Amino acid sequence: MERGARELNPIVNAIFSAAGVAGFIAAKAGVTLLVLHYHAEISTGVLATANVITCGAAVHNASIMSKLPPKPPRGEKPEPE
């Protein structure tokens, strides 16, 4: 996001805005652990499907990130387009 990207998922955007990357990772891990704890009956097929979908999103995000301009040096603001 420091290179000009934006988060379109409003929930993820709120987490990033409030707690940054570390907060997002903690929230994602916490939700995963809660789901596993309270819904242990979820099949491995459903979990595998969810993993494939989130991996697809990560690949898409990496593809978008590779097309963004380089991150400006610390202390400099990016040039407007």
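Predicted model: local features only at pLDDT ≥ 70, side-chain atom pairs only at ≥ 80, totals over all residues.
By contact I mean heavy atoms within 4.5 Å.

Met1 sits in the segment before α1. Which residues does Met1 touch, leaving aside its neighbours within four places in sequence? There are Glu7 and Phe16. Now look further along. Met1 and Val59 are 58 residues apart along the chain. Their C-alpha atoms are separated by 16 Å.

Next, the overall picture. How many helices and strands does the protein chain have? The count is 2 helices and 0 strands. For the box, take the principal axes. The C-alpha atoms fill roughly 50 × 25 × 20 Å.

What share of the 81 residues is buried? Buried residues make up 2%. The cut-off here is under 20% relative accessible area. The chain exposes about 7000 Å². Carbon and sulfur atoms supply 66% of that area.

A word on charge. The protein chain carries 7 positive and 6 negative charges. Take the mean position of each set. Those two positions are 2 Å apart.

Now the aromatics. The structure holds 1 aromatic pair. Its members are Phe16 and Phe24, and the pair is stacked. Centre to centre, the rings are 5.0 Å apart, with 20 degrees between the planes. Planes under 30 degrees apart count as stacked, so 20 degrees qualifies. Remember Phe16: Met1 is in contact with it as well.

Is Phe24 buried or partly exposed? Its relative accessibility is 21%, so Phe24 counts as partly exposed. Buried would need a value under 20%.

Let me stay with helix α1, which covers residues 10-38. Asn13 lies in this helix. Asn13 has a relative accessible area of 30%, so it is partly exposed. How far is Asn13 from Phe24, C-alpha to C-alpha? The separation is 9.3 Å, for 11 residues along the chain.

Thr32 lies in helix α1 too. Its relative accessible area is 40%, which means partly exposed. Thr32 and Val12 are 20 residues apart in sequence. In space, their C-alpha atoms are 15 Å apart.

How values were computed: Residues numbered from 1 in each chain as written. Heavy atoms only, no water. Helix = DSSP H or I, 4+ residues; strand = E, 2+ residues; numbered from the N terminus. Buried < 20%, exposed > 50% of the residue type's maximum accessible area, 1.4 Å probe, protein only. Areas by Shrake-Rupley, 256 points an atom, 1.4 Å probe, with all protein chains shown as cover. Lys, Arg positive; Asp, Glu negative; His and termini not counted. Charge placed at Lys NZ, Arg CZ, Asp CG, Glu CD. Phe/Tyr/Trp six-rings, centres within 6.5 Å; stacked < 30°, edge-to-face > 60°.
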